[in-house]
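Welcome, and thanks for taking a look at this one. Below is a short briefing to read alongside the structure.

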Amino acid sequence: MTGSPSSARDGTSVSGPAAAPAPAESPQALIASLRSRILAAHSATFALESWCADHKLAGDPHLVAERIPVADKPLTAVQRARLAIGPDEPVRYRRVRLACGDRVLSEADNWYVPARLTPEMNATLDSTRTPFGRVVRPLAPVRDTVAVRAPDQRTDPGPDDPLFEIDAVLSTAAGEPFCEVVETYLGSALPRASR
């Protein structure tokens, strides 16, 4: 039986060897792709969830915010100016890890103005592990990047190694700032095959 495709026992045509899997992206290419996705998004939460789903990092790509019990970290005068608040305006501080399945993808310092959120949003932030971005989604937030920092990259970053850090201010659709975040993205955000 030469000159024509062979047939499998179930009758399907077999035209040749199976296609080779696509080569894995390098860690550096994946880091650049993740950074670009976060910087282009209005919500780091939803950008991370889509990344988690696209790279199949967990069976359920939804993020969980794990509070880290730390001392309050006051805002600087510069940060208060970015949030357009005076020195006495109450601000709440949270330090969280954002996890997708068993992976911690990022850690974040989060300062927000509770008076600019609804009572329901404040209660959810106080009592649940719902990520900040999901809680404030009804405000149609817009992210403005303040700074992007990257450490000297290892060729093959481990799961706890920082990949890059982003400072951003979140404002409502009407332009009122209500939150500043400093996010550190970790090596666990990279698919295992790349490390």
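Predicted model: local features only at pLDDT ≥ 70, side-chain atom pairs only at ≥ 80, totals over all residues.

**Briefing: a helix, a sheet and the chain around them**

- Is T45 buried or exposed? T45 counts as buried because its relative accessibility is 6%, and the cut-off for buried is under 20%.
- Leaving aside residues up to four places away in sequence, T45 touches L63, P131, G133 and R134.
- One of these contacts, L63, belongs to strand β3, which spans 63-67.

**Helix α2 from end to end**

- Helix α2 covers residues 44-54.
- At the start of α2, S43 brings a side-chain oxygen to within 3.3 Å of the backbone nitrogen of T45.
- Which residues of α2 are buried? They are A44, T45, A47, L48, E49, W51 and C52.
- As a reminder, an α-helix has 3.6 residues a turn, so residues three or four places apart point the same way.
- Just after α2 comes K56, with a positive phi of about 50°.

**The six-stranded sheet**

- Six strands form an open sheet in the order β3-β4-β5-β8-β7-β6, and their pairing is antiparallel.
- The edges are taken by β3 (63-67) and β6 (142-149); each has a single partner strand, so one side of each is left without a neighbour in the sheet.
- On average, neighbouring strands of this sheet are turned by 25° against each other, with direction ignored.
- How many bridges join β3 to β4? There are five, and the two strands run antiparallel, with β4 covering residues 92-100.
- Within this pairing, A65 stands opposite L98 in β4.

**The chain as a whole**

- The chain holds five helices and eight strands.
- Read from the N terminus, its elements follow the pattern β-β-α-α-β-α-β-β-α-α-β-β-β.
- Of the 195 residues in the chain, 41% are buried.
- Among contacts with a separation of 6 or more, 59% are between residues 24 or more positions apart.
- The accessible surface of the chain comes to about 10500 Å², and carbon and sulfur atoms account for 54% of that surface.

Definitions and conventions. Residues numbered from 1 in each chain as written. Heavy atoms only, no water. Buried < 20%, exposed > 50% of the residue type's maximum accessible area, 1.4 Å probe, protein only. Helix = DSSP H or I, 4+ residues; strand = E, 2+ residues; numbered from the N terminus. Polar contact = N/O pair within 3.5 Å; in protein donor to acceptor, adjacent residues only side chain to side chain. Contact = heavy atoms within 4.5 Å. Areas by Shrake-Rupley, 256 points an atom, 1.4 Å probe, with all protein chains shown as cover. Pairing = 2+ DSSP bridges. Axes fitted to C-alpha atoms, helices over the stretch in contact; angles between N-to-C directions.
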